[in-house]
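Please look at the sequence and the structure first, and then read the sections below.

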Amino acid sequence: MSKKQKQGIHELYSKDPIAADRMLWGRESDPLTRRGFLKKSGLIAMTTALGMTIPFSRFMPAGLIPTAFAAESSTLQIPGKDGLIVLNDRPINAETPAHLLDDDVTPNNRMFVRNNGVAPEAIDPDTWQLEIGGESAERAVTFTIAELKERFETVTLQLQLECGGNGRAEFVPGASGNQWTTGAIGCPTFTGVRLRDVLNYCGVLADAQYIGYYGADTHLSGDPDRDSISRGVPIAKALERESLIAWSMNGEDLPLQNGYPLRLVCAGWPASVSGKWLNRIDIRDQVHDGEKMSPPSYSVPAAPIAPGTRVPNEDMRVIESMPVKSLITFPESGTTHDIRDRMTVRGHAWAGDDQVVGVFISIDFGATWLPSALAGPVNKLAWQNWETWAQFPEPGYYEVWARAMDVQGRSQPMVVPGWNPRGYLNNACHRVAVQVV
Ligand SMILES: Nc1nc2c(c(=O)[nH]1)N[C@H]1C(S)=C(S)[C@@H](COP(=O)(O)O)O[C@H]1N2
Ligand SMILES: [Mo]
């Protein structure tokens, strides 16, 4: 698909999205009920902009903007990160385009970066200290990284980290914050010690409720007394076998931007609970009250609300396990495909603390779904790989959609779910554009 083809409607949408929608879909279209059809003039405008027909246009949900029109952003470079899209350079935030997440295990140079503050400098791993304390610790203990390695069993697990705000860019009305599309997710292997072993060594008192982490990054204001972020998890999650204090990612030192030399990994929950540049963990006798721990941070309304509604903090709840989701990592969106060939479609799927039991794809805007071959996770809280193929009936513009279902029967919505003020938890189906010739 040429850049020029994409630009036509993208321009139309960026100038006046409401007028563009009205022109294409007509007034009567309702994106929530999916009633209403593409107007004939709308179909003509869309196919003209795309430069090709849309064979399954009769199934397009009302208000759908072809994913081929998604805007492309900057390619500023972060050392050690190749091809990531930088969303913000202070603090540094960068996401990974879906097709660069094709590896079963996310390489270090493809792992997204989400910073709330400024990464520490001049780090010496030999003198780095991790202090364990808090009201519910029997005794406070300080460890060097060498002592952690010496004293506790070393484990390596593949663990998925997804930012709670991944997908935020799709909410309407928009939410402020980094405009993540689909790339604030990754699943590298981490090597470290189990958090539970370290906590038990220090002694977890019976009244322990939560753990809270502290990191060595500095607040954007430069104020040394302010934490950029200090979150945590309930004690049960902290004591899970998969919760790690890790010094290594894919067999190498953690990349600086991913928390070198030490980080917490509590996978399956918003990645904001996985503290980077880790230098302190408190065992708390109450819900941890660190920076960005309480609503509205990393919180959603306790009950559904209309888009755009203001929600008082007391009506919000802190996000725990993340919802079921999937990503198409091959083909790359915008690809051109020969009609004679069948097209391999593959990607990953994950479901917070749960397992994924099925991934389906659609090439006709969700009218019909094809199952994929889905592998089990290599260990609990790792994403799962899936693969299938599609054959197209005629040339034209298609979208491949993927939809995963978790073990509890929960599935991804085809439209953006549950609007919330901060734009968290968008687990709508991933869509890639394909031009069949
Ligand atoms: N110390 C510290 N830990 C942190 C953060 C941070 O800004 N500082 N960001 C959190 C958030 S919001 C996310 S999504 C993940 C991102 O991890 P990554 O940058 O390694 O992908 O780290 C979490 N841990
Ligand atoms: Mo995050």
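## Surroundings of ligand 1

In this predicted model, ligand 1 is surrounded by 20 residues. The closest of them are Phe-112, Asn-116, Asp-217, Arg-263 and Lys-276. Sorted by class, the shell around ligand 1 comprises nine nonpolar, seven polar and four charged residues.

Which residue has a side-chain N or O atom 2.6 Å from an oxygen atom of ligand 1? That residue is Arg-263. Asn-258 also has a side-chain N or O atom facing the question of contact, at 2.8 Å from an oxygen atom of ligand 1.

## The largest cavity

Rolling a probe the size of a water molecule over the atoms shows where empty space is left. Three cavities of 30 Å³ or more are counted in this way. The largest cavity holds about 250 Å³ of space, and this cavity is the space taken by ligand 1.

The lining of the largest cavity consists of 22 residues. Nearest its centre lie Arg-114, Arg-263, Ala-271, Ser-274 and Lys-276. Two elements, β3 (113-114) and β10 (210-215), each give two or more residues to this lining. By class, the lining has ten nonpolar, eight polar and four charged residues.

## The second largest pocket

The second largest pocket has a volume of about 270 Å³. It is lined by 17 residues, and those closest to its centre are Arg-114, Arg-168, Gly-177, Lys-292 and Arg-422. The lining of this pocket divides into five nonpolar, eight polar and four charged residues.

Where are cis peptide bonds found? One joins Arg-90 and Pro-91, with omega of about -5°; Pro-91 is placed in the loop between β1 (85-89) and β2 (92-95). Another joins Phe-330 and Pro-331, with omega of about 5°. Pro-331 lies in the loop between β18 (325-330) and β19 (335-337).

Ala-122 is not a glycine, yet it has a positive phi of about 50°. Its place is in the loop between β3 and β4 (129-133).

Note on methods. Residues numbered from 1 in each chain as written. Chains lettered and ligands numbered in written order. Predicted model: local features only at pLDDT ≥ 70, side-chain atom pairs only at ≥ 80, totals over all residues. Heavy atoms only, no water. Near = heavy atom within 4 Å. Polar contact = N/O pair within 3.5 Å; in protein donor to acceptor, adjacent residues only side chain to side chain. 1 Å grid on protein atoms, 1.4 Å probe; cavity = no way out; pocket = protein on both sides within 12 Å on 5 of 7 lines; lining within 4 Å. Sits in = over half its atoms within 2 Å of the grid points. Nonpolar A, V, L, I, M, F, W, Y, C, P; charged D, E, K, R; others polar. Points joined across faces, edges and corners; volume = space filled by probe spheres on them. Helix = DSSP H or I, 4+ residues; strand = E, 2+ residues; numbered from the N terminus.
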